[in-house]
Structure formats: structure tokens, C-alpha cells
Amino acid sequence: MTAEPDGPQNIYDNPVFFAGYAALRDAESGLNAVLEQPALARLLPASLTGLRVLDLGCGFGDFARAARARGAASVLAIDVSAKMLAEARRRTSDPAIRYEQAPIEALAVEPAAFDLAVSSLALHYVADYRAAVRTIAAALAPRGRFVCSVEHPICTAMGVYEWHRDATGAELYWPVDRYGEEGRRDTRWFVDGVVKHHRTVASYVNGLVDAGLALARLEEPEADPAALKARPELALQRRRPPFLLLAADKPAWRAGCTRFLS
């Protein structure tokens, strides 16, 4: 399933892709569980009590349910995939969580309606990142926080997602090329034709700053000692970072501004 020329891709409704993704996430066997999710949790506010939360690319609703368990007042969770949302609703019994089908690019919410916005491994599917971040920034209340994770630009640059190996199969190096050439990458993950969008670290960071947000933290997570002991193969991930995570805040004193710089 490929994207229409003028619209976002919805690869997650491809039945083969969906089955592979569901098996990976439910088994918690991927890098998400041991690297990305713990790092994302570290970037959240210390308390979610009473917060209005926006979950962008919510998948099975895991974060939405976790946020409510930590005291969030409400969660609006959106995803482009009907299959993902059907499974999220099946797993959720909470009227304070509202699921809506929409691409991130079509997000339409009231200004300052949320105290926390979170996007886990979704923004590298979005072609116009800057426009999306401007919309997210406008949706945040003063002192609100935006936390996101993406596949690291070192990984998306070539779109190949494979190590170069020697004749025995041992990993030699991770190839990086076309790093400064931002744009669409067609790749394979469970199925052919998965469309992602490469951009540099600078573009990810400056997109937040230009939207009027203040960068609070940048993370390139590695496995902790306990995870390395349980899964020694994770040491390989130290040779190239699989994920980039960013946390940015909406300053109260510039709440009405769309840019820090003129």
C-alpha cells in the first residue's frame, strides 16, 4: 500500500504489515520496548495528574491507557489506521480516552487545548514536519510539553536499514549517505513500499524552535546495564543510535508567538 501523491500513507491497514507489527509490539521483542519507550517515559512531566493529553499516532492505545493510569484527566488519541484504532478500542474501557481516526497532518483541535502532546515513532511518516509541529505547538497550553520520538536520521538517511556485513555475516558498519538530502524514502518493513521521510537532526530541532517551543532535552537512548545483561545483542545498537527523542516546552511568556526568531 503506497501513499496517494497528495495524501499521507496508511501502511498500518495493510493486513500483512498489521499482523507483523502487532506480533512485534505484543511480544515486546523490538527496540521500542527496551530503548525508545523507557527514554520517552523519562521525558514526560514528573506528574500527569490532571493533564489534558494529546496522543499522536496512538497505535494500540498503550500510552493513552498508561497516561490515564498516571492520573491524566483526559486523552485524545489519534491514528491514521482504522485497524490500529479498532484494536485500541478493544483494549480500552475508559470514557476519558477518545480515539479518532485522522492523519497527524490533518490534526484539527482547539488552541491551547492540551497540556501534554506525545508522538511515539510517527513523525518520520509525516512529509511536512514543520507544519505538523506548528499545529501541535498551537494546541499546547502555556507551559505545555511536547515529547516525540522518531527513527534516528542516521538510520533514515539511506532508507536501507541494514548493516554492511563481512563474508561471515558479522556487522562491519552502518552505512550513512544522502544525510543532507531530506525527503521521501521508500523502504521495506514487513512489506515493500513503506514510505518514510528523512530529515536531519537540525531540522527536527529547528522545527520545534521555529514553532515557538523551547527545547528541553534531546536523547539518543542506549540499553541500560540490566537490559544489556538480559540481551547482550543490544550492545550492537551503541554503534549507531536507532532513535532520536526530543522534549520541548511552550513558554508561558511567549505563548502567543509562533516564532522566537524574526
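**Notebook: a look around the chain**

I started with the overall layout, and the protein chain has eight helices and eleven strands. I kept in mind that this is a predicted model.

Next I looked up how much of the chain is hidden. Of the 262 residues in the protein chain, 48% are buried. The accessible surface comes to about 12,400 Å², and carbon and sulfur atoms hold 53% of that. I also checked the contacts with a separation of 6 or more: 67% of them join residues 24 or more positions apart.

**Entry on Phe114**

I found Phe114 in strand 4, which covers residues 114-120. Is Phe114 buried or exposed? Its relative accessible area is 8%, so Phe114 is buried, as the cut-off is under 20%. Then I asked which residues Phe114 is in contact with, leaving aside its neighbours within four places in sequence. I noted Arg52, Val53, Leu54, Leu76, Val109, Ala139, Leu140 and Ala141. Leu140 is 26 residues from Phe114 along the chain, yet their C-alpha atoms are separated by 4.9 Å.

**Entry on two helices**

I learned that two packed helices are described by the angle between their axes and the distance between the axes. For helix 5 (residues 129-139) and helix 7 (residues 201-210), I read an angle of about 40° and axes 9 Å apart. The two helices are therefore oblique to each other, and their crossing is right-handed.

Which residues of helix 5 meet helix 7? I wrote down Tyr129, Arg130 and Val133. On the helix 7 side I listed Ser203, Tyr204, Asn206, Gly207, Leu208 and Asp210. Sorted by class, this contact has four nonpolar, three polar and two charged residues.

Definitions and conventions: Residues are numbered from 1 along each chain as its sequence is written. This is a predicted model: local features need pLDDT of at least 70, side-chain atom pairs count only at pLDDT 80 or more; totals for chains, interfaces and linings use all residues. Side-chain values use heavy atoms; hydrogens and water are left out. Helices (H or I, at least four residues) and strands (E, at least two) are DSSP runs, numbered from the N terminus. Buried means under 20% relative accessible area, exposed over 50%, partly exposed in between (1.4 Å probe, protein chains only). Contact means heavy atoms within 4.5 Å. Accessible areas come from the Shrake-Rupley method with a 1.4 Å probe; for residues, only the protein chains shown count as cover. Axes are lines fitted to C-alpha atoms, for helices over the stretch in contact, and angles run from 0 to 180 degrees between N-to-C directions. Angles under 35 degrees count as roughly parallel, over 145 as roughly antiparallel, 65 to 115 as roughly perpendicular and the rest as oblique. A crossing is left-handed if the near helix is turned anticlockwise from the far one by less than a right angle, and right-handed if clockwise. Ala, Val, Leu, Ile, Met, Phe, Trp, Tyr, Cys and Pro count as nonpolar, Asp, Glu, Lys and Arg as charged, and the others, Gly among them, as polar.
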